[in-house]
Amino acid sequence: MNDYPVVLTINCGSSSVKFSVLDAETCDVLLSGICEGINTEKAFITVNDGEPIILAHQNYEEALSAIAAELEIRNLIDSVAFVGHRIAHGGSLFSESVLITDEVIEQIRQVSPLAPLHNYANLHGVESARLRFPGIPQVAVFDTSFHQTLKPEAYLYGLPYRYFEEYGVRRYGFHGTSHRYVSQQARELPGLESANSGLVIAHLGNGASVCAVQNGESVDTSMGMTPLEGLIMGTRCGDVDFGAMAWLARQTEQSMDDLEQVVNKESGLLGLSGISSDLRTLEKAWHNGDVRAQLAIRTFVHRIARTIGAHAASLNRFDGVIFTGGIGENSILIRRLVAERLRVFGIELDIERNNQSNRIGQRIISSDFSPIVCAVIPTNEEKMIALDALHLGRECHIAEYA
Ligand SMILES: Nc1ncnc2c1ncn2[C@@H]1O[C@H](COP(=O)(O)OP(=O)(O)O)[C@@H](O)[C@H]1O
Ligand SMILES: CCC(=O)OP(=O)(O)O
Ligand SMILES: [Mg+2]
């Protein structure tokens, strides 16, 4: 290991690659950035909230090359001692983070058809990083791990039980690294300090899910066997009546593969609005009076509020609603509209608190009279990934020198 080791975290999302470089001793963030607009018409990299730089190509390979170039400029490339990767789906093979080996890569590949928008992107990140940092311990941190505490009544579908027994058809849940981080951070907020608390966390990004956390453990979540179930997302439809899909298949003679493409890539905010999957674009259109953008946003909000309400019923007590993810952290409009739909719980936002910028970090946004605390907690999946990478990576170094 070199004198000033750092850990590089790579989080390949469905439309972005987030990365961070953390000091391995102090866990201070030395550098962080994001490549956005992957698989869209314009991709760019932003480092340390600086000016965005346009990328020549809008794919993951280009994003990873740009990240490596930024490390080189800052003489950090040779200091990388551990790499941590976000992997969306670990299936039933992985219930916790693991050191990446050829066998682990093969196992991740096996479950990848269950999260096609993510796991293949995640594996791209793993393969590029292994080439670039040979011999450096690389660790996989799974979105599904935090939800291993779900009870059968929360993870089973109402299908014949033999499909679970013979084919492993069950709900797994995702965004677990984010829900884990946010639920830990929530204990720093007034009113939510108790270890005995019930939270509903809404991770609203391009992918979106709700999680019910009782006493620090995930007890229910809106995504299922794949990251398609639950909320309406950027391009994913979320819950849809299977009967409707069967009817559509017969009417339009589309194959299962065609429809899988429709529900994953052509639906959600994009499909409803016909404009964009990006909420920033839709908010502008909303303010310009675009009817389809307004319909898409209202439908998105309806589903979020309904799902938060349903998840409250999975808790023993209901203390807080926490917003996180790109939309949850930044969209004043979405938080306001969701909270208006949750008045049935007595929830009341404070307008000024809700209007505060995400730059101030975690904050309460409910009024002092709200019986349920509402808050925004900026997620930090990178920190959780780095901590797991450090832990497992150090064990690996110790074993090497033993
Ligand atoms: N200032 C903002 N106002 C409203 N929406 C925002 C803002 N910043 C980001 N978003 C939205 O956040 C979403 C991306 O969330 P993010 O969590 O980064 O996605 P991913 O799932 O790719 O990790 C996009 O819909 C984007 O429009
Ligand atoms: C796999 C869960 C998910 O939807 O991730 P994303 O928010 O990065 O798209
Ligand atoms: Mg994300």
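Let's start with helix H11. Twelve names to look for here: Ala293, Ala296, Ile297, Phe300, Val301, Arg303, Ile304, Ala305, Thr307, Ile308, His311 and Ala312 are buried in H11. Buried means under 20% relative accessible area, exposed means over 50%, and partly exposed is in between, with a 1.4 Å probe and protein chains only.

A word on the ground rules. This is a predicted model, where local features need pLDDT of at least 70, side-chain atom pairs count only at pLDDT 80 or more, and totals for chains, interfaces and linings use all residues. Residues are numbered from 1 along each chain as its sequence is written, chains are lettered from A and ligands numbered from 1 in the order written, and side-chain values use heavy atoms, without hydrogens and water.

Back to H11. Helices (H or I, at least four residues) and strands (E, at least two) are DSSP runs, numbered from the N terminus. H11 covers residues 291-312, which makes 22 residues. From first C-alpha to last, H11 reaches 32 Å, close to the 32 Å expected at 1.5 Å a residue. That expected span is 1.5 Å times one less than the number of residues. At the start of H11, a side-chain oxygen of Asp290 comes within 3.0 Å of the backbone nitrogen of Arg292.

Next, ligand 1. How many residues surround ligand 1? There are 14, and the closest are Lys18, Asn206, Asp278, Leu279 and Gly326. To count as near, a residue needs a heavy atom within 4 Å. Asp278 has a polar side-chain atom 2.4 Å from an oxygen of ligand 1. For Lys18, an N or O atom of the side chain is 3.1 Å from a ligand 1 oxygen. For Ser16, the value is 3.2 Å.

Now the second largest pocket. A pocket is found on a 1 Å grid over the protein atoms alone: an open set of points where a 1.4 Å probe fits, with protein on both sides within 12 Å along at least five of seven lines. Lining residues have an atom within 4 Å of a point. The volume of this pocket is about 1,000 Å³, counted as the space filled by probe spheres set on the points. Its lining has 27 residues, with Thr226, Leu228, Phe242, Glu260 and Val263 nearest the centre. Which helix gives the largest share of the lining? H8 does, with five residues. Helix H7 (242-252) and helix H8 (256-265) each supply at least two. By class, the lining has 18 nonpolar, five polar and four charged residues. Nonpolar here is Ala, Val, Leu, Ile, Met, Phe, Trp, Tyr, Cys and Pro; charged is Asp, Glu, Lys and Arg; the others, Gly among them, are polar.

Last stop: the loops. Glu253 sits between H7 and H8. Its phi is positive, near 55°, and it is not a glycine. Is Glu253 buried or exposed? Glu253 is exposed, because its relative accessible area is 71%.

Asn48 lies between strand E4 (44-47) and strand E5 (53-54). Asn48 also has a positive phi, about 50°. At 42% relative accessibility, Asn48 is partly exposed.

Thr379 is in the loop between strand E14 (373-376) and helix H15 (381-401). At 19%, Thr379 counts as buried. Its side chain makes a polar contact with the side chain of Ser178, at 2.7 Å. A polar contact is a pair of N or O atoms within 3.5 Å; within protein, one must be able to donate a hydrogen and the other to accept it, and residues adjacent in sequence count only if both atoms are side-chain atoms.
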